[in-house]
Amino acid sequence: MPLLPVQHCAEQIDILDGPKEFYDTLKQKIRKARRRIYLSTLYIGRTEHELVSTVHEALGQAPELRVSILTDALRGTREDPDPSCASLLASLLASFPERVEIRMYHTPNLTGLRKRLIPKRINEGWGLQHVKLYGIDDQVIISGANLSSDYFTNRQDRYHVFSSKRVSDYFSRIHHAICSISFLLQASPSPTSPSHSLIWPSSNTAPNPLQDPKSYIKAATSLLLPLSSPTASLRSPSQPSIDPTSSQGTKTTTLYPLLCHPSTLNTELPTLTALLSSPNLTSYTFTAGYFNPHPLITRSLLSLSSPPCSADGTILTASPWANGFFNSKGVSGMLPAAYTHLSLRFLQATRRARANIRLREWQRGTTGQEGGWTYHAKGVWAHFPEGKGVGPSATVIGSSNYTSRSYGLDLEVGALVVTDDEALMRKWRREEDGLRAWTREVQEKELEGEERRAGWRVRAAMWIVKMVGGAL
């Protein structure tokens with residue numbers, strides 16, 4: 001796993017509070033870009049004309065600027081032939097064809113008859129480009145937020161801004177590697193034809209995933225594997241300890257990049273389980289808007305918070321009224337109840353293990369109503385004795401929801417950051433407390449009640465999705 005030391009950490013890592021600050025910061029940095037912009041996201045909202053205009057403006061002001069945008073092919077073309085993420089970006093490409101590259105990753109898990117039969121609304125359950133990296137020159141924002149209006153206004157996520165050339169260079173390499181195994185968006189030269197098309201360039205480093213998915217996975221793994229090794233950074237240390245109690249001397253902050261490519265490459269899951277197995281960890285907060293942790297993570301959480309360790313554990317997740325699928329049409333409307341059912345099962349396991357864990361649901365108004373927000377944050381804050389109560393000594397940030405789906409179907413990138421710098425610990429404590437302020441504890445009895453209990457249709461739908469190869 002690469003090791004990227006970040007010097008003067010408190011000054012080089014900024015933590016943004018919410019969606020408006022995220023959007024304002026992103027636009028501000030784009031306007032000042034001079035050499036490169038690379039944006040990796042699930043999708044850009046089809047009406048995000050202001051964001052695209054901001055990129056257009058930056059290209060007009062900086063002749064040397066190059067822009068690379070990576071989205072998911074399924075989500076990016078969902079509305080075609082109506083206005084979509086792809087058609088929006090095609091307009092930018094048409095204006096700067098020599099300096100803009102638009103790539104769209106397509107999962108190798110959805111091909112043939114399955115791709116033709118599964119409705120567009122739910123086909124993302126078979127795998128996505130889920131990475132969220134927003135790089136501008138020598139800075140990069142690592143987040144779980146996509147680029148659409150709700151993520152800019154009323155959907156809570158996490159946002160870490162790293163001002164470090166080394167860090168930005170490294171994540172740029174990941175971005176461009178994924179681009180080289182993705183479809184290329186082309187703008188139509190004719191106003192009478194569709195605005196765009198997707199092609200598979202012969203220069204790509206892997207075969208077309210729709211034609212040869214097995215060979216594609218093999219080639220993609222060969223491409224990405226070196227980026228997950230220590231030699232991917234400027235140094236090549238041996239596997240380091242992720243326990244901040246091992247630090248000596250001056251204050252240091254170390255970033256460990258985390259990378260998942262289904263289903264052959266995963267540095268996040270072993271890193272996260274190692275962190276949650278540290279004997280010196282005294283307390284932690286684990287958050288995921290969609291709470292359905294991988295079995296190994298669930299086992300680590302229960303073990304860490306059960307006797308004899310009994311670390312103080314807190315889970316933060318979205319209440320049904322803050323779930324992005326609340327009141328959605330069709331099968332996706334069942335998802336809030338499905339996640340409530342999964343939370344209930346976790347609390348039952350907590351009780352059986354006598355684990356010291358509380359589950360708290362985040363809610364800020366009601367989704368779809370005036371003033372209502374959704375919750376999309378994910379991550380871990382880990383507290384160690386050497387923090388002296390100042391704040392967490394480590395955090396995990398990135399795109400992953402830490403589910404079996406994340407590790408078996410989706411493309412994910414994140415980072416574990418470890419510090420002994422009290423200034424950075426205070427920033428993390430402020431972030432952790434700010435999210436917790438909108439939560440309340442829920443217990444088994446409430447989730448078993450008639451208002452919250454998942455019906456048989458929800459449980460049946462969960463079983464069907466699993467049987468046909470999808471995942472929540």
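Where is the place of Asp-137? In this predicted model, Asp-137 occupies the loop between strand S6 (133-136) and strand S7. The phi angle of Asp-137 is near 50 degrees, a positive value in a residue other than glycine. With a relative accessible area of 14%, Asp-137 is buried. A positive phi value, near 55 degrees, is also found at Arg-354, likewise a residue other than glycine. Arg-354 belongs to the loop between helix H12 (335-353) and strand S16 (357-362). In contrast to the buried Asp-137, Arg-354 is exposed, its relative accessible area being 63%.

Two cis peptide bonds were also examined. One joins Asp-80 and Pro-81, with omega at about 5 degrees, and Pro-81 is placed in the loop between helix H4 (73-76) and helix H5 (85-95). Another joins Pro-307 and Pro-308, with omega at about 10 degrees; here Pro-308 lies in the loop between helix H11 (295-304) and strand S15.

Helix packing was considered next. The axes of helix H2 (residues 19-31) and helix H3 (residues 49-61) come within 8 Å and cross at roughly 20 degrees. Because angles under 35 degrees count as roughly parallel, H2 and H3 are assigned to that class. On the H2 side, the contact is made by Tyr-23, Leu-26, Lys-27, Ile-30 and Arg-31, and on the H3 side by Glu-50, Leu-51, Thr-54, Val-55, Glu-57, Ala-58 and Gln-61. Classified by residue type, this contact comprises six nonpolar, two polar and four charged residues.

In soluble globular proteins, nonpolar side chains tend to be buried together. The largest nonpolar core in the model has 45 residues, of which Phe-162, Phe-171, Ile-174, Ile-178, Leu-224, Leu-255 and Tyr-375 touch the most other members. Elements giving two or more residues to this core include strand S7 (139-143), helix H9 (213-224), strand S12 (253-261) and helix H14 (422-436). Helix H8 provides the largest share, seven residues. Leaving aside neighbours within four places in sequence, the core residue Leu-224 is in contact with Ala-177, Ile-178, Leu-259, His-261, Leu-265 and Leu-411. Apart from this core lies another, of 43 residues, whose members include Phe-22, Val-52, Ala-58 and Ile-141.

Strand S19 (residues 394-398) is largely enclosed by the rest of the structure, since five of its five residues are buried. In a regular strand the side chains alternate between the two faces of the sheet. In S19, Ala-394, Val-396 and Gly-398 point one way, while Thr-395 and Ile-397 point the other way. S19 runs antiparallel to strand S18 (residues 378-383), to which three bridges join it, and Trp-381 stands opposite Thr-395. S19 is also antiparallel to strand S20, with five bridges between them; Val-418 in S20 is the bridge partner of Ala-394.

Leu-272 is buried, with a relative accessible area of 2%. Between the C-alpha atoms of Leu-272 and Leu-296 the distance is 9.6 Å, at a separation of 24 residues in sequence.

Terms used:
Residues numbered from 1 in each chain as written. Predicted model: local features only at pLDDT ≥ 70, side-chain atom pairs only at ≥ 80, totals over all residues. Heavy atoms only, no water. Axes fitted to C-alpha atoms, helices over the stretch in contact; angles between N-to-C directions. Helix = DSSP H or I, 4+ residues; strand = E, 2+ residues; numbered from the N terminus. Parallel < 35°, antiparallel > 145°, perpendicular 65-115°, else oblique. Contact = heavy atoms within 4.5 Å. Nonpolar A, V, L, I, M, F, W, Y, C, P; charged D, E, K, R; others polar. Core = buried A, V, L, I, M, F, W, Y, C linked by side-chain atoms within 4.5 Å. Buried < 20%, exposed > 50% of the residue type's maximum accessible area, 1.4 Å probe, protein only. Pairing = 2+ DSSP bridges.
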